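Please look over the sequence and the structure before reading on.

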Amino acid sequence: RQENLQRRMRRGIRYIVLRKTLIGNVVVAEKNNKVCFANTKENPFQVPEDWEKVELSEIEDDENVLLKASKQLNEYFDGERKDFDLPIEVDGTEFQKLVWDQLTKIPYGETRSYEQVSQAIGKGKKACRAVGNANGKNPVLICVPCHRVIAANGSLGGFSSGLHNKRKLLDLEQQSKDNRDEKKRKLTK
């Protein structure tokens, strides 16, 4: 049954590879002009055979979500974008979707603990582990910022694309936030 669901999900999916980003090559996939996947190739993920690879230069529609995702992710990696304006459609349980939605509310350059996310979705402390599991199954990294969730003791916790990449993303956001704050201070003097 699970295999049939995965097979149906893959049908009609197109993807691009963003090369040489801060965290390596990133695969971004869309279905019905909505982002359904974004992850690094370092993750043990193998692109399914029935996904169609496209090159950005082949896409003629300016409204195509792969073009928009490429532009917005590159702006993010350049420290110029804090939020994403992309249609996203992912498969998951209701609980996972609830967690993923909450992740999008964590401000750029800030972190929350698994416990704080659990409390924010109304589950109290009891669902911390389930929040961690849902966080780890997030199919759309960065756009749904699971890297902003850390352990209560301040350690990084986990990250499907490696803790070294989680650290890079958190450092990028902190550095960009510090640069913006410095510019604001200079303007107000």
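Is Lys20 buried or exposed? Lys20 is exposed, as its relative accessible area of 78% lies over 50%. The model in which this residue is seen is a predicted one.

**Sheet**
- Four strands form an open sheet in the order S3-S2-S1-S4, and their pairing is mixed.
- The edges are held by strand S3 (34–40) and strand S4 (52–53). Each of these two has a single partner strand, so one side of each lacks a neighbour in the sheet.

**Pairing of S2 and S3**
- Strand S2, made up of residues 24–31, runs antiparallel to S3, and six bridges join the two.
- Across this pair, Val28 stands opposite Ala38, which belongs to S3.

- Lys20 lies in strand S1, which spans residues 14–21.
- The phi of Lys20 is near 55 degrees, a positive value in a residue that is not glycine.

- Asn33 sits in the loop between S2 and S3.
- Although Asn33 is not a glycine, its phi is positive, at about 60 degrees.
- The relative accessibility of Asn33 is 32%, and Asn33 therefore counts as partly exposed, a class that lies between the 20% and 50% cut-offs.

Key: Residues numbered from 1 in each chain as written. Predicted model: local features only at pLDDT ≥ 70, side-chain atom pairs only at ≥ 80, totals over all residues. Heavy atoms only, no water. Pairing = 2+ DSSP bridges. Buried < 20%, exposed > 50% of the residue type's maximum accessible area, 1.4 Å probe, protein only.
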